[in-house]
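My entries follow in the order of the look-ups.

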Amino acid sequence: MDYRGISKWPEDERPRERLLRYGAGSLSTAHLLAIILRIGGRDKSAIQLAREVLHNFHNLKEIDDASLAEFSDIKGMGSAKVSQLKAAFELGKRLMQDSDDRTKKNRSFASSRDVYEYYGPVFFGLKKEKFLCALLDIKNSVFKDMVVSEGTLTSSLVHPREVFRYAIKEAAASVLFIHNHPSGDTSPSKDDITITKRLVETGRIVGINVLDHIIISDGRYISLMEKGYMKE
């Protein structure tokens, strides 16, 4: 096999040079990963190593979720390279969070899709469930949100009394509930439905309307209100 390192490639074909000349959007996923990895392994370039990583894990989500041990079958992927990948993924998540934070103030919602697009970055890549309560004013604009629980969602972790105590204190006109399913399946569990009904009933009692409960996964969502789970 005639192996040539990337440094011996024509300049216009080298990933870093192409990025600087044409922009990151012009590069394939393998080329972007190769830039992060910097060097390959024995008798393989950084691009060949990147392609091997993609072939092994199929997509970026699986690479992000993989542990150090799961990279051990790929020659050339030691702890340093795995750390580089993990750091790059974490920076991407923080960039998404920063972008979300800049648009949070006084954001109003007209549909469940608006809620998903607004809160999706908050849940991107999370490996455990997080349950949020968004507080809205009389114009349906969110002015604050709070973490209700983290971990596997059960009725014992979400107490309507505590949720609405905070909403009353902040003078919220209405609330939205949003949580994620790391499994990728957005179908509501029995606990999801039970919790939602309890929250809706408590909201009626205290005079704070529950607009919706959105379940988010990477790339998809469902609205429990639209699915009919919030009807009496």
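**Terms first.** I call a residue buried under 20% relative accessible area, exposed over 50%, and partly exposed in between (1.4 Å probe, protein chains only). Helices (H or I, at least four residues) and strands (E, at least two) are DSSP runs, numbered from the N terminus.

**Source notes.** This is a predicted model, where local features need pLDDT of at least 70 and side-chain atom pairs count only at pLDDT 80 or more, while totals for chains, interfaces and linings use all residues. Residues are numbered from 1 along each chain as its sequence is written, and side-chain values use heavy atoms, with hydrogens and water left out.

**Entry: strand 2.** I checked how well strand 2 is covered. Seven of its seven residues are buried. Lys-130, Leu-132, Ala-134 and Leu-136 are buried on one side. Phe-131, Cys-133 and Leu-135 are buried on the other.

**Entry: strand partners.** I count two strands as paired if DSSP finds at least two bridges between them. Which strands pair with strand 2? Strand 3 (residues 141-150) pairs with strand 2 in the antiparallel sense, over seven bridges. Lys-130 has Glu-150 as its bridge partner in strand 3. The two strands form a hairpin with four residues between them. In that turn, Asn-140 has a positive phi of about 60°. Strand 4 (residues 174-180) also runs antiparallel to strand 2, and six bridges join them. There, Phe-131 has His-179 as its bridge partner.

**Entry: salt bridges.** My criterion was a side-chain nitrogen of Lys or Arg within 4 Å of a carboxyl oxygen of Asp or Glu. How many salt bridges does a search of the whole structure find? It finds eight.

I looked at Lys-127 and Asp-65, whose side chains meet in a salt bridge at 3.5 Å, N to O. Lys-127 lies in the loop between helix 6 (112-123) and strand 2 (130-136), and Asp-65 in helix 4 (residues 60-65), so the pair ties together parts that are 62 residues apart in sequence. Lys-127 is exposed at 53% relative accessible area. Asp-65 is partly exposed at 32%.

Next I took Arg-113 and Glu-117, which form a salt bridge at 3.2 Å, N to O. They are four residues apart in helix 6, so about one helical turn separates them. Arg-113 is partly exposed at 41%, and Glu-117 is partly exposed at 46%.

**Entry: Asp-64.** Is Asp-64 buried or exposed? It is buried, at 8% relative accessibility. Asp-64 lies in helix 4. I listed its contacts (heavy atoms within 4.5 Å). Leaving aside neighbours within four places in sequence, Asp-64 touches Lys-86, Phe-89, Lys-93 and Lys-127.

**Entry: Glu-162.** I found Glu-162 in helix 7 (residues 160-169). Glu-162 is partly exposed at 35% relative accessibility. Its salt bridge is with Arg-161, where the closest N and O atoms are 3.4 Å apart. Arg-161 is exposed, at 56%.

I also checked polar contacts, meaning a pair of N or O atoms within 3.5 Å; within protein, one must be able to donate a hydrogen and the other to accept it, and residues adjacent in sequence count only if both atoms are side-chain atoms. The side chain of Glu-162 makes one with the side chain of Arg-165, at 3.3 Å. Last, I looked up Val-148, which is 14 residues from Glu-162 in sequence and 8.6 Å away, C-alpha to C-alpha.
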